[in-house]
Amino acid sequence: MEIWQLVFLGIVILVVAECIREVRTFRVTRYQISSSKLKNGKRRKIVFLSDLHNCSYGKDNKKLLQAIRNEKPALILVAGDMIVGKEGATLKPAQDLMEQLPEICDTYYANGNHEQRMKQFSKESREAFETYKADLKRAGVHYLENEKAEVSWDGCSVEVSGLEVPDSVYEKFQKMALPKHYLEKTLGKADKSKYQILIAHNPVFMEDYLEWGADLIVSGHLHGGVARIPFWRGVITPQGGLFPKYSGEMTKVGDAFAVVSKGIGIHTIKLRFLNPTEMVVLHVGGTEE
């Protein structure tokens, strides 16, 4: 075998090994976030999860649960797609995880497209989803479907909102826009005196979220772009778009922060490269002016 063939074979083996590693393990990604609206509050940790898709890390997700507990977070934010939205699909792995999170701290959950999809299947699937949601609420999860919740943060005014966007924006190979003033019509105007945390599964509409008045946006959906170009962007979206602007990073826009998770699980495309699954930890406090 020629030298170049050995080199090529070695590269292929390394790439395959890395792809396998990235779908079987997760890492913890940390970001620092500050706001003058929180200047009277101490810095706190927020664990942010998205796109589990019923994956498990260890029996009953013990490895993921332990990683969350180790952080001692003040809040947990969940940006949807914890389940797989298929007719007759089991919801158990996600439910088993989610029901344990309120034992750690206050947990806020907004739907992704897979949760939304379950509401449009057969009567049995709709009922299964409603049972899932009711069980999570009973366990203490704050389930936000186009709703807001007040959060206590050392006397600072903090509001968490969970947004659903229209199902049509998830169609393949379509570039959609939100209806005009969609967030105001859905959530009401953002109170600028409060620190506004917006859980919005789809990051494609980040400019709309920022215009609405969010101070911190957490999104997922794009799975980091499946593969990533180092120091730049993810490659492809689930809708077939290339090189999305927001796909798996933290971006500061003015005084606001947009955080997009690469996702803690995998789904249709069971492949990742230079794009490991992740649990995101946000260190949030008040030093920005």
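This is a predicted model: local features need pLDDT of at least 70, side-chain atom pairs count only at pLDDT 80 or more; totals for chains, interfaces and linings use all residues.
Residues are numbered from 1 along each chain as its sequence is written, and side-chain values use heavy atoms, with hydrogens and water left out.

**Overall architecture**

Seven helices and twelve strands form the secondary structure; helices (H or I, at least four residues) and strands (E, at least two) are DSSP runs, numbered from the N terminus. The radius of gyration is 19 Å, which agrees with the value near 19 Å for a compact globule of 289 residues. This radius is taken over C-alpha atoms, and the globule rule is 2.2 Å times the number of residues to the power 0.38. Along the principal axes, the C-alpha atoms fill a box of roughly 70 × 50 × 40 Å.

Of the 289 residues, 52% are buried (under 20% relative accessible area, with exposed over 50% and partly exposed in between; 1.4 Å probe, protein chains only). Among contacts (heavy atoms within 4.5 Å) between residues at least 6 apart in sequence, 70% join residues at least 24 apart.

| Residue | Location | Relative accessible area |
|---|---|---|
| Asn 275 | loop between β11 (256–260) and β12 (277–285) | 0% |
| Tyr 31 | strand β1 (residues 26–34) | 14% |
| His 283 | strand β12 | 16% |

The side chain of Asn 275 reaches the backbone oxygen of His 223 at 2.8 Å. Leaving aside neighbours within four places in sequence, Asn 275 also has contacts that include Glu 22, Gly 224, Arg 228 and Lys 262.

With the same exclusion of neighbours within four places, Tyr 31 is in contact with residues including Gly 248, Met 250, Val 259, Lys 262 and His 283. Tyr 31 and Val 284 stand 253 residues apart in sequence, yet their C-alpha atoms are 8.5 Å apart in space.

For His 283, the partners beyond four places in sequence include Arg 30, Tyr 31, Gln 32 and Ile 33, and also Arg 43, Arg 44 and Lys 45.

Technical notes. A polar contact is a pair of N or O atoms within 3.5 Å; within protein, one must be able to donate a hydrogen and the other to accept it, and residues adjacent in sequence count only if both atoms are side-chain atoms.
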